[in-house]
Structures are given as C-alpha cells and as structure tokens.
Amino acid sequence: MKKKRNFFRPAAAALALTLLLAGCGGSPDADGSKAPDDANNPGESSAVSAESRKVFRFGQAPYGDTLDMQISTGSLSASIADEITESLLRFDDDNNEEVVLLTDFPTVSEDGTVYSFELKQGVKFTNGTELTSKDVKFTFERMFTPATGAKSFSYFSMIKGAKEMLDGSATELAGFEIQDDYHFTITLEYAFAPFVKNLGTSYADIFPMDACTEAGDLWGIDDNLIGTGPYKFQSNDPNTEAVLVKNEDYHGGEVKLDEIHVVYYSDTTTKLLAYENGDIDACDLISTQLGQYKDNYGDQITAYHPLGTCFFSLNLDVAPMDDPKVRQAVSLAINREELVEYVLDGAGIPATTYLNPSIPGHDDSLPVYEYNVEKAKQLLAEAGYPDGVTIEGGKVRQQEETLATAVQGYLAEAGINFVFDVVDAATWSSERTSGKLAATFITWNALYADADFQVYNYFYSANSGPQSVNYSNPEFDKLMDDARSDTDEAHRAELYKQADQILSHEDMACIPLYYPQSQFLAKPYVKDMKVGNLIYHLWNIDIDLDAQAAFNG
C-alpha cells in the first residue's frame, strides 16, 4: 500500500461519512421523558409501580408529517407505525420474512399470478373490531385511490385492476376477490416473483376500514392510527414525543414492554447528550460520530449492515463517462480498503461487486475491486486521454462531501480531474431525476433481501434515465425480466449474479465503493435490540429491571 494521504490519517476519522438511506428515508434518533409510574394510570406518578414497569425510551429525529405508510416513505415514520400497524407478512431483524396476520404464506397458482390467503381468526384492531378480508381489500383499494396520494403503490401496481383505479376509470380492485371473512385471493396481471416480499413491507400495513374511513385526512396524523400491532398510542406530539402502551389483547402473544417513549430530537448532538445523561435508553449513532464514542461507549455500540451499496454514480450519456475504459480507470484509481479504514473509521465493507453481500445473487467468490493507479493511467491512454481527463458537472449533497473529496484525491493521482459542487438536497434531487446529473454518490438500499429492488429499480434501462445513469444493455434487461417472473429462488439468484457481473464488472455502469455499516447505542440493561436493515423495530426489545436499577444506582 502506498503511503497514506493527509486526509486519510486516523485523526481524520471524525470526518466519517453520514450514510444516505435511499428508498426508505434517513436513520432514527430520540430523547427521554419520565417513565409513567402507575400501572393503572400511566399518566400519574407512583414510585412503587415505576420500579416494576418496563419503559423503553428511544431517541430519533422527527418523522415528518404522517405515520400513514401508504403516504410516508421514511424509515423514521415506519419505526413508529410498525409498532402499531401490521402487514400480512413482515421481515424480522434477521431479514427473514415471517407470517403475521395470516395462518401461513399464501399459496400461488402454477402460472404465478393468483395468490390465495387465509387470515388468522380472532385478530383484533386496538379499537376492538375484528380483522376480516374486507379490511384488507379496503386497504389495497385505498392505496390505488388517487385522492389518497399513496407514494409506494408501484410495489403493488401489478395487481389486476390497479391501473384502472389509478387512472380513475374504476373504484374497485378487479384482482381482489373475497371468499369469506378470512379467505381472499389476489390476481396479478403478470407473474411477479417479489410480490410476496413486497407484502412484508410497511407499505402494505393493513388498516381497519371503518376507523380509517372515519378519520379521513387525519389518518396517520398525530395519534390517529389504529392497527393490530403489539402497541397502541397513548399520545403523540410530533414535535416532542410519542408514548405507546402495550396492546393487552395482542394476537402475537405477550408484549414485553409496558411503554415505549419515542422522543424526537432535531439534531444529533442534543440526542447524544440525552443518551449520555441517561434521559434515553437507546438511539442511533451516525458514522461521523462513531470514532468519538468508541472509547467511552464501545461496549454500548452495536453495528449492523443494511442491505445497501454506496457507489459512484456516473451518467453514461455524458463524456468521458460514456467510455467503458474511462469508467474502468475510475474504478482502478480508488483504494476502497483505505477509504473504508480511514475515511469511514471502519464503518463499512469494501465493495467486491454491486449487490450487497446479504442479497441473493451476490457473488461471494469475488475479491475487493482492484486498486492500480498505473493500470488506470494505461486505460486512459488507450481511451485517447494520455494526459488525463476531466469529469465535470459532479454534484453532491453536504453529507457526501467528505466522500467526494476523498475520491477526488484518489482520481487525481491517476490523472482524472473530478470537479464537483456541493448543492442542497432539493437541487440534487431535481437534477438527478431530470437525467442530467453528470456524477454523484449515492447509497441505494433495498427494503428487503432481493436483488430486484436493489438492481431493477435503478439500472433497468426504463428506470435508469430518472436516476441520471442512462444505462442500457439488452442482455442485462433480459436477465432482469426473466428473474422477475421466475419463482425458483435459487435460479433467480443465479440470474441476478449474471446481471451484476455485466453491470458492475463488464460495463462498469456504476462504481461500487463499499457496503455501509450503521450502528446504535443502547444501555446495558436493554435486551434483544437488533436492526436488520433500515427500520428500528422495537417490538422484541426487553428491559432487565434489575440491571437497569444497578446501572442507574
């Protein structure tokens, strides 16, 4: 390895990159509040009962405008809504899909278009009404009703009749048929292998028809949210905190915590001070502050790896990135191992290919992308740039400036002059979706461990224009199409492996850099806290009251 550049010295670890969470919003934060003291009246104080009640205080940033997951796309909203509302299926914190409101996974017809479901009987919403097929039908039809303004309907738009509802020519979903209160079928326009996985996302949370209809535009606002989940609202002020209390009639069994307080912090410094002062029990820890907290709180930090990849995104319609040799030279000029160790303070895994290691289709046999400055210069000369080349028009957001500066330094050694501006998020988003952004950095996260989400949505030719990639390869597209309709998961993974080889090794349509690491802080008495991907699910968390008393004593 060559000598380390000044901006890679360990003293610069505080410059570690704040990871972008694309597809599902940012990462969580919180602040503390006094634990309710009386088991019979949670709002009043009683020193005796406070010792026996399990109250978990979690710090996160404000979630925004709504907890209606048909309208919100953010992980901050989901971390609260998912405690209250449930989908038919869900992903646990090991990224495995599990049954929630069904007796089993749906059966699928031989042609892959008809899904048959059976609901669990006796499941009640927290307003006391029983979940039936009509609530599920209502939920999906609400999703495709234009007045709802749903943002993630595309994950389910292959249901027969969805397009007609979206364009206003129908008011019912033709592909949803109720047999009785507990049995229904969903028919798709075409076979779509990830459909069952999409049903496990927060975007498919099931709402009670009558209560949701009555709430109207207030559904998801403040504490106007009712579900079948392990917790229900006691209160929610989106500027201060949400208080959730256990659902005593939860269909999933015993709920461990008596209360969850989600306290909202507008800035991470205040949130972390609250953690240090003992005002909250847990919160996330962004990468820029990892080095600062390692020494004093190392045993309270838990790292995890979301299902994402950070990459250098290049517009293949813009010279000189339209030349594969130039793109290969860019890749060769970047020392990914050094980048992760010194810029990220170790909070990442150097990339070997585009697909995240936890996603089927990732090729485990590949080494980290080669770092070879001399070979990069040679490729530039072969491409007609013996004196080097300039990549202009780069735009990055503030959270990516440190990464962009580091990559800029690497490229300069190979004779590649990377010119970029730091812009606000609105400008960045507008230029990217116009298809004209020349170069940027992005972390593209999958909602679940399936390559369709991580690859198809960004690089398929029909989708790559609005991402400012403009990549088109018929062989790659065919592999994507075949994998989408293939119900053999092992074969699908092989197809995605082949597609990834074309995308990120042969065509170099993007320059993968690393697989991000995230982390959170939790007090020693907090038990069973895990994060599988982007969303903090709190339903499995427990509090060891004896350990809490000893820690605070």
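In what order do the four strands of the open sheet with antiparallel pairing stand? The legends below take up this sheet and several other close-up views of the predicted model.

**Figure 1. Four strands of the predicted model form an open antiparallel sheet.** The strand order is β4-β5-β7-β6. The edges are taken by β4 (residues 107-108) and β6 (residues 176-180), each of which pairs on one side only. Helix α3 (residues 133-144) packs on this sheet, where it touches β6 and β7. The direction of helix α3 makes about 170° with that of β6. Within the sheet, β5 (residues 114-118) and β7 (residues 183-187) run antiparallel and are joined by five bridges. Y115 stands opposite I186 of β7.

**Figure 2. A second open sheet contains seven strands with mixed pairing.** Its strands follow the order β8-β9-β10-β1-β11-β19-β12. The edge positions belong to β8 (231-237) and β12 (301-304); each has a single partner strand, so one side of each is left without a neighbour in the sheet. From one strand to the next, the twist averages 20°. Strands β11 (residues 282-284) and β19 (residues 518-522) run antiparallel and are connected by three bridges. The bridge partner of C283 in β19 is L521.

**Figure 3. Helices α2 and α7 lie across strands of the seven-stranded sheet.** Helix α2 (residues 75-84) lies across β1 (55-60), β8, β9 (241-246) and β10 (259-264). This helix runs at about 135° to β8. Helix α7 (residues 268-276) lies across β1, β11 and β19, and runs at about 150° to β11.

**Figure 4. The largest cavity holds about 320 Å³ of space.** Lining this cavity are 23 residues, of which D82, G200, S202, I535 and H537 are the closest to its centre. The model has four cavities of 30 Å³ or more.

**Figure 5. Y371 and Y410 form an edge-to-face aromatic pair.** The model contains 32 aromatic pairs. In the pair shown, the ring centres of Y371 and Y410 are 6.3 Å apart and the planes stand at 65°; the pair is therefore edge-to-face, since planes over 60 degrees apart fall in that class. Y371 belongs to the loop between β14 (348-350) and α11 (373-382), whereas Y410 belongs to helix α12 (residues 401-413), so the pair ties together parts that are 39 residues apart in sequence.

Figure 6. Most residues other than glycine have a negative phi, and most peptide bonds are trans. P320 is found in the loop between β13 (308-314) and α9 (324-332).

**Figure 7. H251 occupies the loop between β9 and β10.** Leaving aside residues up to four places away in sequence, H251 touches E86, V100, L101, K120, V123 and T228. For one of these contacts, T228, the C-alpha atom is separated from that of H251 by 7.8 Å. H251 and T228 are 23 residues apart along the chain.

Key. Residues numbered from 1 in each chain as written. Predicted model: local features only at pLDDT ≥ 70, side-chain atom pairs only at ≥ 80, totals over all residues. Heavy atoms only, no water. 1 Å grid on protein atoms, 1.4 Å probe; cavity = no way out; pocket = protein on both sides within 12 Å on 5 of 7 lines; lining within 4 Å. Points joined across faces, edges and corners; volume = space filled by probe spheres on them. Pairing = 2+ DSSP bridges. Helix = DSSP H or I, 4+ residues; strand = E, 2+ residues; numbered from the N terminus. Contact = heavy atoms within 4.5 Å. Axes fitted to C-alpha atoms, helices over the stretch in contact; angles between N-to-C directions. Phe/Tyr/Trp six-rings, centres within 6.5 Å; stacked < 30°, edge-to-face > 60°.
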